[in-house]
Each structure stands twice: as structure tokens, then as C-alpha cells.
Amino acid sequence: MCKTIMALTFALIASSAAAETLQERAAPCLACHGEKGQSETENTPSLGGQQAPYALIQLFMFREKLRTFEPMNEMAKALTDDDLRTFSDFIAQMPKPAPPADAGDPARMQRGQALAQQHRCNSCHNPDFSGKENVPRIANQREDYLAKTLGEYKDNSRHGYDGSMADVMGPISPAQIADLAYYIARVR
Amino acid sequence: MMSYSSAPRSLLLAGAFFGAFTLSAAAQQAASPPAAGAAPAAAPALPPGSPMIGRPDNEAAAKLAPVAPPPLPAAPDKLPTAKLKVPAGFNIEVYAAGMANARSLALGDKGTVFVGSRLVDKVYGIVNKDGKRSVKVVASGLYRPNGVAFKDGTLYIAELSKVSKIDKVEDNLDSPPKPTMIYDKLPKDEAHGWKFIAIGPDNKLYVPVGQPGNNVLHDEDHGQIRRMNLDGTGAEVYARGVRNTVGFDWNPENKQMYFTDNGRDWLSESVPEDELNRITKAGEHFGAPFCYQGNIIDQDLGWGKNCKDYTAPAGLMGPHTAALGMRFYTGNMFPKAYKNAIIIARHGSWNKSHKEGGDVVVVKLNKDGTMKSMEPFITGFLEDNKYVGRPVDVMQMKDGSLLVSDDWNGAVYRITYGKPKVAAQ
């Protein structure tokens, strides 16, 4: 359903000339990414509380096709620089995603935490994983999206704005990616 | 010697370091929770290439990380030109804007200014035609095309791991052909993988390969400057012990090559300083990663080494200041004191609590080729310990004016001396 909505309405998002409110223009975004900052769509990130500078970089990269994901490339292609700024500020103000109700399997949580410490995710993403500036909030992001993204950085199919995550992921195994994603999705 | 501020080096997180086993490993393990049972004991402490390698465990250090520029170029009316200060008698103006992440500069025979980028996929061309300047995209779909050089009608472009060229580029600026690869025997590391390139007086193309991390014991293919024929053949290593150079030029008086090199991070707030180096013979070793700034043996990798075994810098550029693009000034527009001085862009530090650099400086040399002085030339890129712009490269125009690129704002400025007049229109 998310796909249908997107197909029908991405034109709307770009039609800034019209008098839609920001809420109306953002409706197609939220159809997939969640109305309240929390995504319920497979492999699709929650946007709430995202760092505005990071969101701006991603929207820019989608528009310029520096980051390739066709639906987002389509969505962003007609956006102006001001649109990109407006939407990234909007995203940053949505409520941040909440952790899942279950606390998670203690053994996996411990493994994930140890990995996060070992690789110093907190250096850039902050100790609470809320991110800063161009470094994204990852706390309570969807587990499937986290695992997918970490895998894409590792195999270099997703190029970051800079190369830092490719370097970071070099020595991390697929099993460790699963544990990291499990932990960060549930961290409290 | 440095009157001034200064700041560091490679911006982004792009990864700069490494240090694989060293201190940080120990520190880290100590900090690890006891839960390590399932933790990957075998994995190295930090990924090679992580800028966080070597970071000491304290709050002030934890606040420091490479600074990424805004993705969107600033609109011409939002550029910080009015904040930028130049010495009395000089003028600064916007030469062109709207080029996201504008980095290295090269000048075409017909006056086109080519501009590389690092975080986007484009090489731009600033065309000056009938008094009007416009920006064209000369090539796109490239991967970190930081380096540009021009010779006899041909534009050379260095991406992260390959060099390519476009012949007769200025005759085809409206529909340039795709670049043709001439050399790709290069590592693919992100850390210090982006390249500045230039063509020497020997008509060879000079291509650096940085160290793949902050402080790394690397293999024979890294930490060097290579040179090769303009068709990519005959590549050889010209200098070793080079951590990350993002700018070089040749002394017009004796043809010696000078290059800037960025010192390692996390050693301390005040050392090591970035280096200005001079190559007097092929094959010289400049110390990294064993010896920095000519007199500091690295605390991790320098055991058993002696700084005397390496070529000392011709001068020091300030701690973490990120001395990048540099050119000897040979024009006639600036006062005589500038003749054959080196103008150097210091991109500005990230690995320092109080930022340093973020300026353009003038370096004068002693008769023996070492640094005599370093003075500020353009300042004002730093405001309240934050960047409002970051200079990357400098380039002299035929009329003796100077261009300066700014990757924070995606712009190129022009510096002139004398009564202000409109740029070569």
C-alpha cells in the first residue's frame, strides 16, 4: 500500500507551486515512513527526531542520485534546495521513534552493546545514539533497516557522503551486523 | 611563524586513520564490558580507516570528529565574502558560486577554470565568455573526483582510485565526452584516498596515495607520491613517508617540488604540526608514520626508528590545520614581496578543541629553501570556533590574480591587488 500511495502522490510532493501545506506535501513521505516518526514499513527507516543536517544530506544525495534507491530518487528529483531544507527541518521535528516493547534477548543485547563499544559507534553517533549534525540518529531505528544499511556500507553498495562508514564496517562480520542492529533498535 | 589560527586536515570523517593495534586497542579492551563472552574477541579494535583510532578516552576528545560541510552550495548572496579579510590593498570577490563541494582547481589554456569535488560526483568548469562567467558540469557520475590538472588541451581527473582524461576539453564544454581512464593501479581505500594531482615541469603527472588511516603501518602501495607519463605509463614512486598530501607545486627558481602533508590526529592538541616538505631527490622518505614534523617519533609506530633517517620538513604549518592546496605565486599583480612566495590554503582543524587554520597563508622561503615566515593572507573563515567557509585550493590566473576554492560553500573567490575592478571581464 505504501508503494501505491507513493506512486500516486509523489507528484504532489514536488508541486511546491501549489498552496499545499507542508503537512500535505509530506503526506506521501509519511505513508511509508510513518505518521508519527516511526516507520511500520519493512526496510524503511523511521524519520522522527532525525538530525536535520543528516536528513538534508540524504535528500540531497537522493536528488543528485549519489545515493540510489529509485523511489526516493523519483521523490526527490524535482525538489528545490529550499524544499530539501524544509523537509529536513520537518523530519527533525517529528517525534523520535520508541524502542520496541520487549527488552530483547539479554545475551544478544549484551553482544550488540559490546560491539558498539568496541567499534566506538558512540564517538560519532553519541553515547545515546541520537546522532549529531551530519551523523544520524540510529537509536531505535528499525532493526531490518539498520541491518540492511550496515550491510550496504560494508559491501560499498551504499556510498556515504564521506567514506567513514565503509571503513568502519570493514572488519565487522554479517553475524555481528545482526547483533548490532538488534541492539541499536532496542537500546534504551 | 604562524601568526595565526590553524586547524587541521582532512575534514570528514572520511576516515583517516588507523592505528590498528596500538594504544587504542588496549584502552578499548579495558573499557569493554565483562560481557565479552560473545563479543568478537578476534576483531581488531577499530576498523582501519576509522578517524577515531587513537582517540584518547576523555570528554574533550570525545567531542571532536571530522566536520562535514553542508551538502548544498551557498547562494551567492549568502557567501561569507564580507567576513573574509585580506591585507591592505587587496580585494576579494566571488568568482563563481553554486558548485557543490568545490575543491581542487586547474586552469585551461582558454581560461576555463576546472574545479574538482570530493563529496559529489562532478567536475565543474567555470567559463569566462564575453565578460560573463557561467558554471558548466564537465563530468559527472565520478567517484570522489577531487583532483584536476590541465596540460596542452587535456583535462586530467583523479577519482578515488583512478585517473582519467578528456582531450580537447575546452573545445567541447557543452557536450564533453566521457573521461578516458589512463591509470587505475591504485588502492581503493576511502581514508585519504581522494587525490590532488598536478603536472610537473618534467611533464609527468604526480599522483599521491595517502596512508589508509590516521596512523597506520601500511603496505608498499600507500603513503607516497607517484609520478607517471601523461598517458599513465611508466609509473614510479617519487616520494615515501607521505601521510596525506592534498597540494603541491614546483619552486619556479629551482624546480624543486614542495608539498603539504597532514600530520596524524590524536597525538595531542598542539602536535604534530602539518608539514611543508621539499623533495630534492627521487625516493626520499618523509617520515610518516614513524616520525612526524621532523622531530617527533610516533608513540605507537616509531619504536626503533629515528627521525634523522627521514627528510625533515622545510617548514611547519600548525597543528591539525589541514594545509592543503599550495602554489608558488609568480604573477606581477601582487606586490613584489609576494613574488615566488607560496600561498597555502589551510582547510582548518577538526582534531582540536579550539580550531586552527581555516585561512590562506603566505609562506616565504629562506635562500636554502626552508620556511622563513608564514603570515596570514585571507582570514575570517572561522567564527566562534565554527566554520563559515573552508579554503581548499589556490590558483594563480594569467593576470596575476588568485583564485581560492571553498568546499564548505561551493564557491571560488578571486583575490586582486590594487584599485578594485570587476574580475577579468
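Start at the second largest pocket of this predicted model, whose lining divides by class into 23 nonpolar, 7 polar and 11 charged residues. The space in this pocket amounts to about 1200 Å³. To centre the view, select A:E133, A:N134, B:V67, B:A68 and B:W408, which are the closest to the pocket centre of the 41 residues that line it. Then colour the elements that give two or more residues to this lining: in chain A these are helix 3 (52–63), helix 5 (81–93) and helix 7 (121–125), and in chain B they are helix 2 (59–62) and strand 26 (386–387).

Next, stay with chain A and select helix 6 (residues 106–118) together with helix 10 (residues 174–186), which pack at an angle of about 100° with their axes 8 Å apart. Because of that angle, helix 6 of chain A counts as roughly perpendicular to helix 10 of chain A. To see the contact itself, show the side chains of A:R108, A:M109, A:R111, A:G112, A:Q113, A:L115 and A:A116 on helix 6 of chain A, and on helix 10 of chain A those of A:Q176, A:A178, A:D179, A:L180, A:Y182, A:Y183 and A:R186.

Now move to chain B, where an open sheet of 5 strands runs in the order 10-11-12-13-17 with mixed pairing. Its edges are strand 10 (198–199) and strand 17 (284–285) of chain B, each of which pairs on one side only. Within the sheet, select strand 11 (residues 205–209) and strand 12 (residues 224–228) of chain B, which pair in the antiparallel sense over 5 bridges.

The tour ends with the cavities, of which the structure holds 2 of 30 Å³ or more. For the largest cavity, with about 40 Å³ of space, select B:G241, B:R243, B:D261, B:N262, B:G263, B:E275, B:F286, B:A288, B:C291 and B:Y292, the residues that line it. This lining has 4 nonpolar, 3 polar and 3 charged residues. The second largest cavity holds about 30 Å³ of space, and its lining is formed by B:P187, B:K188, B:D189, B:A191, B:H192, B:G193, B:K195, B:V209, B:G210 and B:H222. By class, the lining of this second cavity comprises 3 nonpolar, 4 polar and 3 charged residues.

Definitions and conventions. Residues numbered from 1 in each chain as written. Chains lettered and ligands numbered in written order. Predicted model: local features only at pLDDT ≥ 70, side-chain atom pairs only at ≥ 80, totals over all residues. Heavy atoms only, no water. 1 Å grid on protein atoms, 1.4 Å probe; cavity = no way out; pocket = protein on both sides within 12 Å on 5 of 7 lines; lining within 4 Å. Points joined across faces, edges and corners; volume = space filled by probe spheres on them. Helix = DSSP H or I, 4+ residues; strand = E, 2+ residues; numbered from the N terminus. Nonpolar A, V, L, I, M, F, W, Y, C, P; charged D, E, K, R; others polar. Axes fitted to C-alpha atoms, helices over the stretch in contact; angles between N-to-C directions. Parallel < 35°, antiparallel > 145°, perpendicular 65-115°, else oblique. Contact = heavy atoms within 4.5 Å. Pairing = 2+ DSSP bridges.
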